[in-house]
Amino acid sequence: MAGQAPILDEFLGGLAVQIQNRDGAKLQDFLQIEPPLSDAYQRMIQELRERYPAGPQSDSGLLQRCEALVPRTKGGSSWTAFPTFMKLYFTFLRDVNTDNLLDTYNQLKGLLNQCVLALGDSQMGVIVLPTVLYLSKVLAKLAMGLDRRPELIAHILRMEGAMDNDESIEKVTLVEQSANVVREAFIKCLTDRTGTPGPQGKPEGKRVGIYLMANLCLKLLFQCGKLRNAEQMFASISAQSPPLAHFPASQRVTYLYYLGRYLFSNNLFYPALIALQAAYDQCHRQAISQRHLILAYLIPCNIIMGRFPSRKLLQRPEASGLTDKFEQLCRLIVRGDYIAFREYLSPSSPAAEWFARKGILLTLRNRCEIMVWRSFCRKVFIHGGFHGDLQAPAQRGPPPYLYLEKLTIATRWLQSQHGQTQRSNGVNNATSKFHFYGSQIIPESTDPDFGGLDGSETPTAQQLLEKYGDYLAPDGFFDGGGHWQDNMPGQLIDGNPGADYDAFELNPYAEATEDGPDADKQSLLMDEVESILASLLTQGLMRGYLTHRNPRFAIPGSRVRGALPTGFPNIWETIFAREREDDSVPGWVRPPPPGALGAGGGRVVNLSGARPVGVQ
Amino acid sequence: MSNSTQSQTKADASEQPQQQQKPQVLEEDDEFEDFPVEDWPQEEAEQTAGSAANGGNEHLWEESWDDDDAAEDFSKQLREELKKVEASH
């Protein structure tokens with residue numbers, strides 16, 4: 001075709017060769033979009049603008065030229081998605097305007113979408129797999145960049161927001177949108193039927209892209225906090241993917257990292273531990289930043305299961321930055337000071353922000369406190385318990401025990417210790433005092449809104465007005481007929497709030513006892529201590545039994561091993577013994593055990609779906 | 001600050017003084033970066049050549065951490081307190 005732009009010609013010619021050779025890597029190399037683009041691309045863009053300026057006519061002209069790229073079969077071109085993708089590629093290069101990054105994003109997403117459609121072709125699709133991966137990465141980078149620097153498109157969103165203000169529709173962030181496109185590509189890879197599909201197969205055809213696409217999708221889902229959307233992905237991988245071991249180390253490690261984090265956030269700590277430990281073990285030793293991130297989740301996983309990082313581990317270069325955070329946490333668990341533990345992970349603590357950013361704060365807070373209580377009980381038993389009469393003949397004499405009253409005494413003491421430091425720090429909080437509301441073991445309210453409840457006097461109307469004036473005495477109100485009534489400043493709409501509430505029981509923990517308030521406050525704390533111990537016993541973190549009348553914790557059967565090891569068994573051993581029975585990790589496809597693939601012998605065939613011959 | 005990582009296909013990319021790759025220093029720490037190489041043998045994942053095979057012989061986890069040191073401050077104070085109460089009973 002005389003007069004055609006030479007560079008574009010050359011470019012299309014080159015593309016045609018790669019398609020003929022089915023060389024996906026080279027094809028991707030041709031289809032650059034990320035700046036800085038080389039000179040040749042700049043000239044091609046210039047040509048595109050001259051020869052095919054934006055408009056329907058030149059677009060169809062472009063499409064025609066792209067259609068020539070695809071081998072024709074008898075019934076016409078069979079891979080129609082590809083020419084459309086190529087046309088979009090050229091118009092993207094020609095039209096993209098990075099002053100409007102939102103437009104850029106949308107155009108890029110459209111381009112990737114079309115490429116994923118091209119990927120769907122059962123014969124030719126695999127050729128664009130590297131291109132899909134490349135475009136996905138560029139899109140992900142752009143989406144995550146915009147997510148972190150929303151000011152870059154804030155003005156555009158504001159303009160569009162004026163037209164689209166429907167609050168009832170859930171906003172899907174750019175990152176989540178990208179994840180959705182990438183997931184489409186992932187599904188195309190996973191469901192490729194060439195060769196031997198399924199868990200027995202090898203990664204061939206599009207299946208080589210399963211974990212590349214899955215990892216990118218997971219990265220995006222973690223970024224936008226939509227972990228739940230990953231569940232279906234893991235389920236489909238479990239059902240259809242070849243074993244992870246057949247894929248390259250970089251893909252394995254990345255996948256196991258995300259899988260481990262996902263399991264961790266679902267409170268499946270043992271499977272998470274297996275996945276993260278495998279990620280750590282297989283990670284290249286020089287990949288410090290990746291090893292660091294794996295450790296940031298592997299360590300809490302182990303702590304929650306009762307196993308602490310060793311000095312050796314914390315001295316490794318990848319542990320730098322983690323050491324002090326986790327060491328202090330472990331120290332507090334060992335010490336048994338539950339108040340210091342709570343303070344360490346409370347919103348006002350500097351460490352809490354770091355834990356929260358990693359997404360492990362609440363899990364640690366919820367899961368580790370029980371271990372702190374175990375240490376506390378253990379120490380009280382050591383220093384205040386009856387350890388058994390070692391001289392007495394077997395079967396004689398009571399088993400070792402601990403009066404729970406000692407625990408309540410120790411709890412009050414601990415509270416007073418912290419109360420003292422707080423008072424000396426200028427915090428006026430009589431923590432060792434009895435609380436009228438809420439828990440007896442927690443020295444301060446969990447929510448500052450309930451902070452004043454323990455005040456012994458009823459607040460005066462003046463105090464109430466100062467605090468809740470906007471509610472008690474607003475500027476106006478709607479009367480029974482729905483008409484607006486102005487209100488005098490300071491006038492209480494519903495009358496005096498200092499009214500007498502004696503007739504109402506405001507304390508949810510109130511339980512009238514005949515022994516008077518003193519006995520009451522003792523029994524409240526005792527109730528809580530008993531329930532904590534019961535929880536420890538149920539979880540197997542302590543062994544023995546409780547007596548309720550004359551409250552004691554008794555440790556029978558301790559003659560051989562001793563009271564401490566019997567009553568306070570090793571946490572890791574206890575949990576591990578329970579968990580190890582099932583070491584499958586949902587989402588991790590492992591090769592079938594050797595022999596299972598043999599010729600029928602010993603192979604389990606599931607016949608649950610089989611029907612007798614002849615039955616319709 | 002450059003907005004270069006976001007500026008895909010910027011026509012005048014060559015005019016930008018520098019392609020700044022990491023504008024989000026604060027969050028960089030949290031992103032699981034792509035590995036520079038695709039695959040490696042297991043030996044390159046081990047910490048030291050000597051501790052290969054079983055995931056390293058190095059002692060990485062403490063399973064027994066219970067504190068029986070009666071001389072430690074917290075234990076000492078707790079013991080004093082329990083004694084004091086016992087005496088007053």
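What percentage of the 616 residues of chain A count as buried? The share is 35%, a residue being buried if 20 or more other C-beta atoms, placed from the backbone, lie within 10 Å of its own. The model is predicted: local features need pLDDT of at least 70, side-chain atom pairs count only at pLDDT 80 or more, and totals for chains, interfaces and linings use all residues. Residues are numbered from 1 along each chain as its sequence is written, while chains are lettered from A and ligands numbered from 1 in the order in which they are written.

Chain A holds 24 helices and eight strands. These are DSSP runs numbered from the N terminus, with helices (H or I) of at least four residues and strands (E) of at least two. Of the contacts in chain A with a separation of 6 or more, 62% join residues 24 or more positions apart. Contact here requires C-beta atoms, placed from the backbone, within 7 Å.

The largest nonpolar core has 152 residues. Such a core is a set of buried Ala, Val, Leu, Ile, Met, Phe, Trp, Tyr and Cys residues joined through C-beta atoms within 7 Å. Cys217(A) and Ala275(A) have the most contacts inside it. Leaving aside residues up to four places away in sequence, Cys217(A) touches Ala179(A), Val182(A), Arg183(A), Phe186(A) and Met233(A).

Helix 12 (residues 249–265) of chain A has 17 residues. Of these, 16 are buried, so helix 12 is largely enclosed by the rest of the structure. From first C-alpha to last, helix 12 reaches 24 Å, close to the 24 Å expected at 1.5 Å a residue; the expected span is 1.5 Å times one less than the number of residues. Asn267(A) follows helix 12 and has a positive phi, near 65°.

Helix 6 (residues 101–119) of chain A has 19 residues and should span 27 Å; its end C-alpha atoms lie 26 Å apart, which agrees. Its buried residues include Leu101(A), Tyr105(A), Leu108(A), Leu112(A) and Leu119(A). Helix 5 (81–95), helix 7 (129–148) and helix 9 (174–190) of chain A are among the elements that cover them.

At the interface, 43 residues of chain B are in contact with 57 residues of chain A. Strand 1 (61–62) and helix 2 (73–88) of chain B each give two or more residues to the side that touches chain A. Helix 2 gives the most, with seven residues. Strand 3 (residues 308–309) of chain A pairs with strand 1 of chain B in the antiparallel sense over two bridges, pairing requiring at least two DSSP bridges. Phe308(A) stands opposite Glu62(B).

Key: Contact = placed C-beta atoms within 7 Å. Buried ≥ 20, exposed ≤ 12 C-beta atoms within 10 Å, placed from the backbone.
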